[in-house]
Amino acid sequence: VVSTQSTGRDVIVIANDITFQIGTFGPKEDKLYMRASEFSRAHKLPRLYLSVNSGARIGLADEIKTMFRVCWLDSKHPDRGFKYLYLTPADYKTISSKNSVQAELIEDEGESRYKIT
């Protein structure tokens, strides 16, 4: 329940947080999102979706969790956000045959990287 005025208004808020499992949705989160959406429609409540995520489906790709690298906007201040997630060429070679991730080869900060798309 969110109150922005003295009378307030009930709403359903669905959110994910990049500081927890990179903010990703997997099967459990999809089910929760669906149930919260169904509840909001059934009770005619506005639904707000707040998202900060990487776009990856970590729940379906456990084998790559430890391979993710982050290109920070400012490496001394990670709280300022990031540009993209990437894999090293060696990690990409290891995982590419499993079709677990889509990435494009880029050159950045003096090295080759597979930017996750």
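## Sheet, hairpin and surface of a predicted model

In the hairpin formed by strand 5 and strand 6, two residues lie between the strands, and E109 there takes a positive phi near 50°. The model is predicted: local features need pLDDT of at least 70, side-chain atom pairs count only at pLDDT 80 or more, and totals for chains, interfaces and linings use all residues. Residues are numbered from 1 along each chain as its sequence is written, and side-chain values use heavy atoms, with hydrogens and water left out.

Helices (H or I, at least four residues) and strands (E, at least two) are DSSP runs, numbered from the N terminus. Two strands pair if DSSP finds at least two bridges between them.

Four strands form an open sheet in the order 3-4-6-5, with antiparallel pairing. Strand 3 (69–72) and strand 5 (103–108) stand at the edges with a single partner strand each, so one side of each has no neighbour in the sheet. On average, neighbouring strands of this sheet are turned by 45° against each other, direction ignored. Axes are lines fitted to C-alpha atoms, for helices over the stretch in contact, and angles run from 0 to 180 degrees between N-to-C directions.

Strand 5 and strand 6 (residues 111–116) pair in the antiparallel sense over six bridges. E104 stands opposite K115 in strand 6. Helix 2 (residues 89–96) packs on the sheet and touches strand 3, strand 4 (82–87), strand 5 and strand 6; contact means heavy atoms within 4.5 Å. The direction of helix 2 makes about 60° with that of strand 4. Strand 4 and strand 6 pair in the antiparallel sense over two bridges, and Y114 in strand 6 is the bridge partner of L87.

Most residues other than glycine have a negative phi.

L48 is found in strand 2 (residues 47–50) and is partly exposed, with a relative accessible area of 41%. V13, L48 and L50 make a nonpolar surface patch of about 250 Å². Patches are made of residues with over 30% relative accessible area and no salt bridge, where like charges are joined within 9 Å and nonpolar side chains (Val, Leu, Ile, Met, Phe, Trp, Tyr) within 5 Å. A salt bridge is a side-chain nitrogen of Lys or Arg within 4 Å of a carboxyl oxygen of Asp or Glu. Accessible areas come from the Shrake-Rupley method with a 1.4 Å probe; for residues, only the protein chains shown count as cover.

Note on methods:
Buried means under 20% relative accessible area, exposed over 50%, partly exposed in between (1.4 Å probe, protein chains only).
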